Structure formats: structure tokens, C-alpha cells
Amino acid sequence: MVGTLFIVATPIGNLEDITLRALRVLREVDTIACEDTRQTGKLLAHFGIQKPTVSYHEHNEAARTDELVKKLAAGASVALVSDAGTPLVSDPGYRLVQAAIAAGVTVTPIPGPSAALTALSGAGLPTDSFRFCGFLPAKSSQRRKLLEEFRAETCTLIFYETPHRILDALEDVEAVMGTRPAVVARELTKLHEEFLRGTAKEIRAELAARPSVKGEITLLLGKPAESAATDDTPIEEAVRKAESLGLSRMDAIKHVAKERGLAKRDVYRKLTE
Ligand code: SAM
């Protein structure tokens with residue numbers, strides 16, 4: 001009988017986020033294929049799991065896929081994990097899943113954390129329709145080209161980004177997307193978790209004022225600002241429109257105040273009058 005390939009999601013920071021099912025599967029499988037055996041070793045040690053591990057990363061994917069599929073075909077059970085979150089989501093594994101399916105092996109996903117959905121659920125941007133776009137390109141010219149392609153998208157866009165590129169990326173987002181509402185979700189599930197909400201320009205200014213930007217970052221962009229209010233729209237309506245684009249009440253007030261060159265308290269007073 002052929003074995004089973006389990007695709008096991010692991011925490012994106014907070015170890016309490018591992019599921020009971022993930023722990024059971026990791027305890028029961030014959031082998032754990034890991035993006036980085038040292039990283040997964042720490043997770044397994046934390047939960048007192050002793051299991052043979054093999055590396056499975058972008059540089060040995062092809063050779064390891066054949067090896068693992070042979071084991072699976074011979075009846076072994078294998079768990080695939082990445083360094084954090086759900087394997088295959090901007091992480092290795094696609095080739096192995098494809099080959100396992102082709103070999104008639106059962107593929108069983110064990111769901112759990114992923115930065116994209118964790119960020120989306122707390123961002124306060126529309127969730128009825130969204131698009132996961134992976135990592136933004138490292139080069140500004142390529143980044144702008146890609147952002148141009150996404151400009152007409154009206155759903156929420158989700159990108160992964162690195163801390164050392166986020167300021168440049170926000171500059172490009174501002175240039176291409178204008179005042180489309182943005183959210184930077186940083187260090188999700190960790191001690192210093194934070195959500196920065198506003199336009200790309202506002203968030204960039206906030207981050208640029210810090211001595212450095214650290215940690216893991218997911219960047220989200222809400223509906224395009226074309227549907228945002230024009231300057232002669234009554235203030236109440238402008239705030240409501242900004243809220244409908246995904247900003248919280250306070251952020252919407254801040255946004256409208258900034259847009260019209262008013263103090264926040266004046267916008268607030270208008271709303272309560
Ligand atoms: N497979 C993972 C998942 O399901 O989320 C993603 C792996 S990808 C190589 C790593 C990127 O995910 C990071 O560079 C960052 O953009 C995002 N990310 C991972 N953990 C995060 C966290 N705790 N907070 C915010 N973003 C995170």
C-alpha cells in the first residue's frame with residue numbers, strides 16, 4: 001500500500017499556534033521533510049518530538065522529490081513542513097505534491113497558520129475577494145511594472161515583503177497606486193505584532209521615522225482610491241467612504257483630515273455635530 005504525504009502547517013511565530021493534529025501527525029510519520037532541518041529541529045525539540053528529518057529546499061527539490069516519492073510509493077508516510085506557516089505558500093513543496101499525486105500517493109493537508117490569511121483577517125480591508133501575489137520583486141523597475149499590472153484589480157492585494165525593502169516598496173506603491181488604502185502587518189503572532197494602516201505614503205513616513213525597520217512583513221492593499229471621496233464631498237460621507245475602503249474609524253478620520261489639510265479634531269467635531 002502506498003503511503004501518505006502530509007502537508008503540515010507550522011506556526012509563523014507563536015508556537016501556541018501549532019494544531020493538535022499537526023503535532024499528532026509529526027509524531028506519527030516515518031520522516032519529516034523540512035525546508036531547514038535546524039529550524040524544524042527547534043520546533044520538534046520544543047514539543048518533545050523525535051523523528052528522522054531530511055532537508056527539502058529549493059536547491060535540492062528535484063533530487064529529493066524522486067527520493068521521497070519512492071519512499072511514499074513503498075508505503076512510508078512523510079510530513080512536509082517549511083520554516084514557518086503553510087508549505088507551498090511562497091515556500092517549496094509544489095514539485096513534491098505534483099509528483100506524489102502523479103504516483104498515486106494520497107496528499108493530506110494539515111491546515112494551520114499562514115501569514116497571508118492571518119494578515120488579511122486583522123487588516124480591516126475588504127475580505128470578500130482578495131488576491132495573494134507572493135513576494136514583490138526586489139528591483140524597483142520590476143516592482144513598479146508588476147504593481148501597474150495589479151492597478152486595475154479591485155480586490156484586496158496581499159504581498160510578502162522584507163523589512164529592508166519595505167520603504168522602497170511603499171514608495172513604489174505610492175507612485176503606482178496613489179492613495180489606495182494600505183496595511184503593513186508586521187511580526188504577526190509575535191510579541192511586537194503591529195498593524196500600520198493608512199496610505200502607502202503615511203505608512204512609509206511612520207516607518208521611516210524609526211531607527212530601523214525589523215521583523216517579518218506582509219503588505220496589503222485595499223480597494224483602489226478612485227472610488228474615494230472628492231474634496232467637495234461632505235466630511236461625514238468622506239469618512240464613511242474611507243471606512244468602506246477598509247480603514248478603521250480613527251484612521252478614516254486621520255486620512256480625511258490629512259487629505260483636506262484639517263486637524264483631526266475638526267473632522268471629529270464635524271462628525272459629532
Ligand atoms: N509559508 C509561509 C506562510 O504560509 O505564510 C510564508 C513563507 S515566505 C518564505 C516568508 C514571508 O512571509 C516573510 O518574508 C513575510 O513576508 C511573511 N511572513 C511570515 N511570517 C510573518 C509574520 N509573522 N508576520 C508578517 N509576515 C510574515
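Ring pairs join Phe132, Phe135 and Tyr160 into a cluster, where rings of Phe, Tyr and Trp (its six-membered ring) pair if their centres lie within 6.5 Å, and planes under 30 degrees apart count as stacked, over 60 as edge-to-face and the rest as tilted. The model is predicted, so local features need pLDDT of at least 70 and side-chain atom pairs count only at pLDDT 80 or more, while totals for chains, interfaces and linings use all residues. Residues are numbered from 1 along each chain as its sequence is written, and side-chain values use heavy atoms, with hydrogens and water left out.

The structure holds three aromatic pairs. One of them, between Phe132 and Tyr160, is edge-to-face, with 5.0 Å centre to centre and 65° between the planes. Because Phe132 lies in strand β6 (residues 130-135) and Tyr160 in strand β7 (residues 156-161), this pair ties together parts that are 28 residues apart in sequence. Strands (E, at least two residues) are DSSP runs, numbered from the N terminus. Phe132 is partly exposed at 32% relative accessibility, whereas Tyr160 is buried at 9%; buried means under 20% relative accessible area, exposed over 50%, and partly exposed in between (1.4 Å probe, protein chains only).

Strand β4 (residues 78-81) has Val78 and Leu80 pointing one way and Ala79 and Val81 the other way, and all are buried.

Technical notes: Helices (H or I, at least four residues) and strands (E, at least two) are DSSP runs, numbered from the N terminus.
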